[in-house]
Amino acid sequence: MALRRAELKVGDTHRERVVENLSRTQLVMYSGAGGDYNPLHSDEMYTVQVAGYPTVFSHGMLTMGLTGKMLTNYVGIARLTKFGVRFTNQVWPGDSLDAIATVEAIREEDGLHLVDLALSTVNQDGKDVLSGYATARIDP
Amino acid sequence: MRGLGGKETQILPKITFPVEATHIMMFARALDDTNPAYHDAEAARRSEAGGIVAPPTFTTAVAQFDPDYPLRPKHGESWFGSAKEASGITGKPATSGGLHGEQHFEYLRYPKPGDVLTAEVKPGKEWSKESRRAGKLIFRERITEFRDQAGDLVLVARSVGITTERPVEQTGGANGTAQG
C-alpha cells in the first residue's frame, strides 16, 4: 500500500474525486464529529440573513480532511510527516471536489525516504479551493 | 492573570483530549473515508498501522474538549445562530468568529484510541492586509502542541484565522480568501 521510491518520479500526479455533490447533511456530520458548530455551515437562515452569504458553506477543515483522505489513499496510513494548506475559495453544497497530489521531490533525511508533494483541490469548475503541501515517508 | 513582573500575561488553559475509537469512526464517516484503519479494529491490527489510528486532521476535534470553544452552544447562554428568528442574539451584532485561512500539521506520530492528549495553545503572529473582496483582513496565528500521556510531543498544529470587515464577495476577484 505504501509508495516505493523506485516507482516514483518527480512530476507524477495522483488525482482523486473526494466528494461528489456535497450534501448539507455531510456538513452537519462534520460539525458533529469535529466540534465546529458555526451556523455558517448548517444554518441557512443565519448565514443568509445575518452573515450575508448566499447559502451555507463547508468548514475549511472538511475540505482539508477530504484532501487528507486522498493523501492517505495515495501514501498509506500514518505516513505523513507534514501536511499544510491554504484555503483559497469557499466550498458550497452541491460541489464536487478533486484532490490532486504532484510529486515535487524524492529525498532522504536521517535515513528516512521521503516524498514532497504539492497539493491542489479543485471544484467541478476547475476552480482552486485549497492549495498546500505534504511530506510522507515512503519505502526504499 | 498577573505575572511576577506585575504585567498582564496571557495564560491559556491546557485542554485534555481523550482519543476514542468511536470518535475516530465518526470523524472518518464525516469525511466519507472508508479506510478500515479508522473503524475496523481487526483489519487495522493486520495493517501497517498496527491498530486503529486517527486520520491526519483528527486533532481539530480538540474543539469538543475546549470548555470555552465559542462555536458550540453552551448551557445557559444565548446562541447566535437562528431559532425562530435569524439570530438568537438581539441588540448586538452576531459574530461567526471569522474564517479559516491556513492550517498546518507536523506529525511525530499518529494518535490512537486510549491516548490522552494534552493540547497547549500559544498565540502566534498577527498581521493585516486589504482585500478587494472582503475589506480589511486581520490574520491571527495560533500554535497548538499536542502531547501524550508520557509528555511526548505527538503533533504540532498551526492555524491562521482571518477576521473580515465584510462577507467575502462571490463574484470576480482573483484574491484567494478562506473558508469557515
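A polar contact is a pair of N or O atoms within 3.5 Å; within protein, one must be able to donate a hydrogen and the other to accept it, and residues adjacent in sequence count only if both atoms are side-chain atoms. Keep that in mind for T121(A) and T67(A), whose side chains are joined by a polar contact of 2.9 Å.

What you have here is a predicted model, where local features need pLDDT of at least 70 and side-chain atom pairs count only at pLDDT 80 or more, while totals for chains, interfaces and linings use all residues. Residues are numbered from 1 along each chain as its sequence is written, chains are lettered from A and ligands numbered from 1 in the order in which they are written, and side-chain values use heavy atoms, with hydrogens and water left out.

**Chain A at a glance**

- Chain A has three helices and five strands (DSSP runs numbered from the N terminus: helices are H or I with at least four residues, strands are E with at least two).
- Starting at the N terminus, its elements go β-α-α-α-β-β-β-β.
- Along the principal axes, the C-alpha atoms of chain A fill a box of roughly 55 × 30 × 20 Å.
- Of its 140 residues, 59% count as buried (under 20% relative accessible area; exposed is over 50% and partly exposed is in between, with a 1.4 Å probe and protein chains only).

**A closer look at T121(A)**

- You'll find T121(A) in strand β4 (residues 112–122) of chain A.
- T121(A) counts as buried because its relative accessible area is 0%.
- Setting aside neighbours within four places in sequence, T121(A) is in contact with residues including T67(A), L97(A), K127(A) and V129(A) (contact means heavy atoms within 4.5 Å).

**Where chains A and B meet**

- On each side, 55 residues take part: 55 of chain A are in contact with 55 of chain B.
- The area buried between the two chains is about 4,300 Å², and carbon and sulfur atoms give 56% of it (this is the accessible area, with a 1.4 Å probe, that two parts lose on being put together, summed over both).
- The rule finds 17 residue pairs in polar contact across this interface, both residues being at pLDDT 80 or more.
- On the chain A side, the elements giving two or more residues are α1 (24–34), α2 (44–51), α3 (60–75), β2 (80–87) and β5 (128–137).
- The largest share of that side, 11 residues, comes from α3(A).
- β2(A) runs antiparallel to strand β2 (residues 99–107) of chain B, and five bridges join them (strands pair if DSSP finds at least two bridges between them).
- One bridge partner pair here is K82(A) and E106(B).

**Salt bridges**

- Side chains of opposite charge can pair when their charged atoms come close.
- Over all chains, a search of the whole structure finds 20 salt bridges (a side-chain nitrogen of Lys or Arg within 4 Å of a carboxyl oxygen of Asp or Glu).
- Between chain A and chain B the count is one: E48(B) with R79(A), whose closest N and O atoms are 2.5 Å apart.
- R24(A) and E44(A) form a salt bridge at 2.9 Å, N to O, and this pair links distant parts of the chain, helix α1 and helix α2 of chain A, 20 residues apart.
- D116(A) and R107(A) meet at 2.6 Å, N to O; D116(A) is buried at 17%, while R107(A) is partly exposed at 27%.
- R15(A), R17(A), E20(A) and D98(A) are linked in a network of salt bridges.
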